[in-house]
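Colleague: I'd like to go through this model with you, and I'll jump around a bit. Could you start with how you name the pieces?

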Amino acid sequence: MSEQIPALEIKHLTKKYGDKVAVDDISLNIKKGAFFGLLGPNGAGKSTTIHCITGIAQPTEGEIRIDGIDVVKDYKLARTKVGLSPQEFNVDIFATPEQLMDYMGGYYGIPYAERAARIEKLIARFDLEKHRKVKFQKLSGGLKRRAMLGRALVHTPDLLILDEPTAGVDVEQRHELWAYLKEMNEGGKTIILTSHYLEEIQYLCNEIAIINHGKIVAEGTKEEFMKEGKSVEQTYLEVIRAQK
Ligand code: ADP
Ligand code: MG
């Protein structure tokens with residue numbers, strides 16, 4: 001039955017850059033509708049994993065399926081199923097939010113009229129009306145992230161991957177972003193989030209994995225990460241310190 005196909009299935013993924021093993025034999029299953037937090041120190045392999053899922057990097061070994069579709073063998077179809085807000089802004093800084101969404105819609109071959117209608121909805125959804133024609137470089141950190149969210153969603157993927165979407169965003173704007181993310185998850189999107197703000201992970205996510213030195217070192221529900229009255233942050237520190 002289709003609802004039993006996971007949103008994302010990673011089997012024995014390894015990614016090497018030359019001799020450097022960035023991701024070392026990881027396996028993960030993320031079910032549809034999950035809000036999944038992928039945690040780990042800098043250099044742990046989070047972005048590399050995300051790059052392998054989204055076709056930016058080629059897995060060295062292993063298999064990845066998005067909604068049952070192999071991301072290497074059936075790259076084009078798999079890519080339509082996932083939206084990415086990357087850690088680094090890979091955008092034309094002179095483009096406006098509506099142009100960024102339009103370029104991405106064009107990349108996915110969405111016809112003009114449909115694209116325009118979707119962009120209107122995304123601009124309204126992320127409250128970008130006043131900023132739709134402002135160059136990316138002039139936007140605040142929070143608005144940049146909102147524009148990236150809109151761009152990630154223009155082809156209406158079911159799976160949304162957000163790589164440190166609140167880095168460099170001030171407290172108030174971060175809370176605004178949280179509201180958008182919660183709303184999207186409640187609306188049915190499966191979300192994978194990386195963040196160094198563990199109160200954010202605790203607030204938003206219901207499933208969590210910790211990656212360290214390219215390996216999954218802990219995995220469970222939020223409740224499992226909050227046993228004995230601990231915060232997700234306390235559990236995270238215990239896990240990472242035990243590795244040293
Ligand atoms: P994270 O996102 O968890 O901070 P990354 O996935 O970016 O970690 O990096 C994992 C490891 O892979 C790091 O040691 C990093 O230096 C290395 N790495 C990432 N991308 C490349 C690349 N394109 N070429 C070589 N090494 C890379
Ligand atoms: Mg990263």
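Modeller: Helices (H or I, at least four residues) and strands (E, at least two) are DSSP runs, numbered from the N terminus. Residues are numbered from 1 along each chain as its sequence is written, while chains are lettered from A and ligands numbered from 1 in the order in which they are written. This is a predicted model, where local features need pLDDT of at least 70, side-chain atom pairs count only at pLDDT 80 or more, and totals for chains, interfaces and linings use all residues, with side-chain values taken from heavy atoms and hydrogens and water left out.

Colleague: OK, which element gives the most to the lining of the largest pocket?

Modeller: Helix 4, residues 112-125, gives the most, with five residues.

Colleague: Switching to sheets, in what order do the four strands of the open sheet come?

Modeller: The order is 2-1-4-5, with antiparallel pairing, where two strands pair if DSSP finds at least two bridges between them. Strand 2 (20-30) and strand 5 (69-70) are the edges, and each has a single partner strand, so one side of each is left without a neighbour in the sheet.

Colleague: And how many bridges hold strand 1 and strand 2 together?

Modeller: Strand 1, residues 8-17, pairs with strand 2 over seven bridges, and among the paired residues E9 has N29 in strand 2 as its bridge partner.

Colleague: What about strand 3, is it mostly covered or mostly open?

Modeller: Strand 3 (residues 35-39) is mostly covered, with five of its five residues buried, that is, under 20% relative accessible area with a 1.4 Å probe on protein chains only. F35, G37 and L39 lie on one side and F36 and L38 on the other, and both faces are covered.

Colleague: Which strands does it pair with?

Modeller: Strand 3 runs parallel to strand 8 (residues 190-194), joined by four bridges, and G37 has L193 in strand 8 as its bridge partner. Four bridges also join strand 3 to strand 9, again in parallel, with L39 opposite I210.

Colleague: Last one, where is N212, and is it buried or exposed?

Modeller: N212 belongs to strand 9, residues 207-212, and is buried, at a relative accessible area of 5%. Leaving aside residues up to four places away in sequence, N212 touches P41, A44, V217, I240 and Q243, contact meaning heavy atoms within 4.5 Å.

Terms used. Buried < 20%, exposed > 50% of the residue type's maximum accessible area, 1.4 Å probe, protein only.
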